[in-house]
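Subject: Structure handover

Hello,

Here is the structure I promised you. Please open it alongside this note; what I found follows below.

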Amino acid sequence: MPGSFADLAEQVSPAVVNITTTSVVSQPTGGPGFPEGSPFSDLFREFGMPGMPGGPEGGPTQRSPQRSNALGSGFVISADGYIVTNNHVIEGADQIEVEFYAGERLPAEVVGTDPNTDVALLKVESDAAIPFVTFGDSDSARVGDWVLALGNPLGQGFSASSGIVSARNRELSGTYDDYLQTDAAINRGNSGGPLFNLDGEVIGVNTAILSPNGGSIGIGFSMASNVVSQVVSQLQEFGETRRGWLGVMIQDLTPEMAEAMGLQASSGAMITDVPEGPAREAGLQTGDVITRFDGSEVEDTRGLVRRVAEAPAGETVQVVVMRDGEEQVLDVTLGRRETAEGEAPAAAEEPAETDVLGMSVTALTPEMAAELGAARDARGLVITEVDPEGPAADKGLSPGDIITDVNQQAVTSVADLEARVAEAREAGRQSVLMLIRRGGDPLFVALPLSADGEGEAE
């Protein structure tokens, strides 16, 4: 336990900055100035306050531009004036001013932003070299390690708070989330400020807090430096992010799915769909389980998404998959995520009705496909009814779901489904692996079998 953080604070403080942003917003004129929709707005409208909508002089009040200020924090990462902060600190700003520890103030320009990780890169011009700090390895941070947070909490000016790393790899709401949780006091205004380890390296960017009252209760989140540093490098070089794109839809592989496929391990990412893109061109298929990407083990979908995003667009990487119980190695040239965003995946697969595994199914017709939002030429089986006590209901299947594959083989008729179930029983499997589509989205479900030929809820 350190006797004092004074030496560390003195070492890194010159590189920490306060950020003030100014933006122009419209404000009402001619009335008492209460926001539209507030209780006071309703009160004055009811009693006919001049200038309020519906009051004397009628009509909405005019609005005039006014300047609004906001505060945040940041830190310098190079002697020539590159500064890292949160995107939400500077978003929508017309002017950005940076105040340094010594009191000097300089205007800043936005180099680039990444809303996905809430990172922004700024630049100031100075004749003299500016004190800066470097990124550390956030993956080496352990729960219980001491950390120091610096910033501008609640607009009070430069302030330091200490604590420990409370947890790692926290996910809040973003695709690329990798937060360090800390109990170091982080409040409004700390956003964008650095979280230091005892070596004076930045291992996180303070971004969010969990609080019922808006103040610190000891649950703060800092975006891990290994994520931030890669984003910053791309912003510095290109002014934008250029993430890799594999071009697959995936879900976590569960133990039940692994058993249904005859796999020993249950780690990896199951491919649920392969639309037009790099993966299809390289030969990846629906039902493949990705176990390694670019030389690293794939534990789950979240880990794979991060690794793909970290790989440069245009790079050729090696992807290892399990297919039909055998390992296959494929080379994939990654596309760029930003240009692929918004591309829709391909639609799903195509009449006697039967009951099986706790559900009623029938062959999909073009009319049914249209009603369910699938392509008219889609093929498969549609679930028409689910026994609330059966295994299908237990696994979350519902009427309207379209079954396209069972045990990684396409099914277009009830006979196909019954054949796949019979094969699984003969092989001694405990479940069958179904690929369904719900609202156009693919999903794998491992549906349990029973020894007597009837489906049973687990």
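Which residue in strand 10 is the bridge partner of Ala167? It is Gln181. Bear in mind that this is a predicted model.

Strand 9 (residues 159-170) and strand 10 (residues 179-182) run antiparallel, joined by 3 bridges. They belong to a barrel closed by 6 strands, in the order 8-9-10-13-12-11, with antiparallel pairing. From one strand to the next, the twist averages 45°. Helix 4 packs on the sheet and touches strand 12 and strand 13. Its direction makes about 50° with that of strand 13.

The largest nonpolar core has 26 residues. Val84 and Phe196 have the most contacts inside it. Several elements each supply at least two of its residues, including helix 1 (6-12), strand 3 (82-86) and strand 8 (146-151). Helix 4 gives the largest share, 5 residues. Beyond its neighbours within four places in sequence, Val84 touches residues including Phe75, Leu121, Phe135, Val228 and Val232. There is also a second, separate core of 23 residues, with Val356, Val361, Val421 and Ala424 among them.

Last, helix 4 itself (225-238). Its 14 residues should span 20 Å at 1.5 Å a residue; the end C-alpha atoms are 19 Å apart, so the two agree. Its buried residues include Ser225, Val228, Val232 and Leu235. The buried residues of helix 4 pack against several elements, among them strand 6 (109-114) and helix 7 (301-310). After helix 4 comes Gly239, with a positive phi near 80°.

Best wishes

Note on methods. Residues numbered from 1 in each chain as written. Predicted model: local features only at pLDDT ≥ 70, side-chain atom pairs only at ≥ 80, totals over all residues. Heavy atoms only, no water. Core = buried A, V, L, I, M, F, W, Y, C linked by side-chain atoms within 4.5 Å. Buried < 20%, exposed > 50% of the residue type's maximum accessible area, 1.4 Å probe, protein only. Helix = DSSP H or I, 4+ residues; strand = E, 2+ residues; numbered from the N terminus. Contact = heavy atoms within 4.5 Å. Expected span 1.5 Å × (residues − 1). Pairing = 2+ DSSP bridges. Axes fitted to C-alpha atoms, helices over the stretch in contact; angles between N-to-C directions.
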